[in-house]
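The following paragraphs lead through selected parts of a protein model. Please keep the sequence and the three-dimensional view at hand while reading.

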Amino acid sequence: MLKLNRSIDLHKKAERLLPGGVNSPVRAFSAVGRRPIIMESGSGPFLIDVDGNRYVDHILSYGPLILGHRDRNAMDAIAIATGNGIGFGATCRYEIELAQLIVSGVPSMEMIRFVNSGTEATMSAIRLARGFTGRDKIIKFGGNYHGHADALLARAGSGVMTLGLPDSPGIPAAAVADTLVVRYNDLEAVEEIMAVYGESVAAIIVEPVAGNMGVVCPVKGFLQGLRRVTREAGALLIFDEVMTGYRVHNSGAQALYGVHADLVTLGKVIGGGLPVGAYGGRRDIMQMIAPSGPIYQAGTQSGNPVTMAAGLATLSVLSQPGKWDGIEARTKSLADGIREEALLHGIPAKVVQIGTMFSVFFTEEEEVTDWEAVARCDTGRFAHVFQGLLGQGVLIPPSQFEACFMSLAHSSAAVSRSIEGFSRVFKHL
C-alpha cells in the first residue's frame, strides 16, 4: 500500500488555489478514481513523489523527456545557456543551430518558426494555411487533439475525452463553423467531404499517428490518400507531429510512412523538456509569415535561448548512431512483454506500439483504428490496472486516452520491472 499523505495534503491545498488542483486536465487523476500524486524529482527513468515513492516513469512529461529525467547532456546545455542569460528579446545562435538540425532531418521542412507550445504551433499553422490558400474551412479528425485553440477544439482527444467533454463551453459556434470533423482512418468520408467542400478547404490537419486517444496508427493508404485529395483540391496537408516528432521515427512520421506534408508542427522533444513548439514546411508557404510576408505571428519568448539549447542537446544525442534505435528496441521489448502477460493471464488487451510510444487498450476488438473503437474500451479495467501499477512502482498516464513513452534512460532492468508490474496486476484482476 502506497503512503501518499503529503501528496494528499498538498493536493487539498492546491484545490483551493488551482482549478481542480492542477494546471492541466491531463494531470488530474479523476479518471482513475484518486487524487493526483505530487511529484518531487526525477532521475533517469524514475519519478519520485513528495512521499518518497519511486516509479518507473512512462509519462515522461507526456513525451518530451526522450533522454530521461535530468539527462546530463541536456542539463549541462541548460546550465551553460542560463549562465549567459535567460532571454535576450533578440535572436541567439541556438535558434539557428536548432533550426538547421531540424530542417536537415525532417522531410519537407525547408523553413521553421519556433513558438512556445504545441497549441501555438497548430494555431499558427492553421492561420498560415488559410492565409496562403485564401480559404477558410479546415478538416480534422475525431480523437485528434491539436491544442486548445477554439477552431481545433472540436471532438478533440486527450484530456477532453478523458473528462467526457465533446468540446468546450466558451467557444462561439462561429469559431468552429469552418471546422469539419471526420472519423480517423476513414478516407472514404474525407473524399466525400472534399467532393462537396474541396474548393473551400484550406487544409487537412491530422496526427499521422494519433497519440491523444492512446496510440492509434494509420491504416494502410490513409495518409497517402490524404496527400492525394489535398493535392487534387489545392488544399494543404498539415501533419501535427507535436507528439510524434522524434517519437515514432527519428525523422518523424513523414519519414516512417513516406508521405510528405506541406506543413508540420513540432513540440515536446525539440525543447528537451522545456516549453516549446514549432511549425514549418515548404519555403513558399513559410515566407508568407511576417516579417517576410503579410501573415502575422509573434511571441516574446519564442526561440528562448535556454529552451533552444536544451532542444539542441537532446536532438544531438538522438542523432548519434544507435541511440534512437535502442529506445525503439526496448519499447518493443516492453510492449511484447505486456502482450505476453495479458495472454498468459487471459486479459483482453490490445497493445499498440510504434517507435518509442505504446498504449494498452482493454478491449476484445482485434484492431483499434479510431476514436469510436477507443471509446468502447474498458476504462474501469484501465483504472484498476493503473492503481495496481502504482503499487508496483510503475507509472503510466492516468487515462486510457493518453500514450505511454520510453526514454534512453530506460534500461533493460527498468523494462523488466515494468513487465513484472503488469504481470502482478494482471494476475489479480
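Helices (H or I, at least four residues) and strands (E, at least two) are taken here as DSSP runs, numbered from the N terminus. With these names, Pro36 is placed in the loop between α1 (5-17) and β1 (39-43). The model is a predicted one, in which local features need pLDDT of at least 70 and side-chain atom pairs count only at pLDDT 80 or more, while totals for chains, interfaces and linings use all residues. Residues are numbered from 1 along each chain as its sequence is written, and side-chain values use heavy atoms, with hydrogens and water left out.

Pro36 counts as buried because its relative accessibility is 9%. Contact means heavy atoms within 4.5 Å. When neighbours within four places in sequence are left aside, Pro36 is in contact with Ser7, His11, Val22, Arg27, Ala28 and Phe29. The C-alpha atoms of Pro36 and Leu10 are separated by 9.7 Å, and these two residues are 26 residues apart along the chain.

The backbone deserves attention next. Most residues other than glycine have a negative phi, and most peptide bonds are trans. Ser61, in the loop between β3 (54-57) and α2 (72-83), has a positive phi, near 60°. With 40% relative accessibility, Ser61 counts as partly exposed. Asn185 also has a positive phi, near 75°, and its place is in the loop between β6 (179-182) and α6 (187-197). Asn185 is buried, at a relative accessible area of 11%. The peptide bond from Ala290 to Pro291 is cis, with omega near 10°; Pro291 belongs to the loop between α9 (283-286) and α10 (305-318).

The packing of helices comes next. Axes are lines fitted to C-alpha atoms, for helices over the stretch in contact, and angles run from 0 to 180 degrees between N-to-C directions. Helix α11 (residues 323-344) and helix α14 (residues 412-427) pack at an angle of about 20°, and their axes are 9 Å apart. This angle makes α11 roughly parallel to α14, where angles under 35 degrees count as roughly parallel, over 145 as roughly antiparallel, 65 to 115 as roughly perpendicular and the rest as oblique. The crossing of α11 and α14 is right-handed; a crossing is left-handed if the near helix is turned anticlockwise from the far one by less than a right angle, and right-handed if clockwise. On the α11 side, the contact is made by Arg330, Ser333, Leu334, Gly337, Ile338, Glu341 and Ala342. On the α14 side, Ser412, Val415, Ser418, Ile419, Phe422, Ser423 and Phe426 take part. These residues divide into seven nonpolar, five polar and two charged. In this division Ala, Val, Leu, Ile, Met, Phe, Trp, Tyr, Cys and Pro count as nonpolar, Asp, Glu, Lys and Arg as charged, and the others, Gly among them, as polar.

Helix α14 also meets helix α13 (residues 379-391), with axes that come within 9 Å and cross at roughly 125°. This angle makes α13 oblique to α14. The crossing of α13 and α14 is right-handed. His384, Val385, Gly388 and Leu389 of α13 meet Gly421, Phe422, Val425 and Phe426 of α14. The residues of this contact divide into five nonpolar, three polar and no charged.

Leu390 lies in helix α13 and is buried, with a relative accessible area of 1%. Apart from neighbours within four places in sequence, Leu390 is in contact with Leu2, Arg34, Ile37, Tyr55 and Leu395.

Rings of Phe, Tyr and Trp (its six-membered ring) pair if their centres lie within 6.5 Å; planes under 30 degrees apart count as stacked, over 60 as edge-to-face and the rest as tilted. The structure holds eight aromatic pairs. The pair of Phe362 and Phe426 is edge-to-face, at 6.3 Å centre to centre and 85° between the planes. Phe362 is buried at 3% relative accessibility, and Phe426 is buried at 1%. Ring pairs link Phe362, Phe382, Phe422 and Phe426 into a cluster.

Terms used:
Buried means under 20% relative accessible area, exposed over 50%, partly exposed in between (1.4 Å probe, protein chains only).
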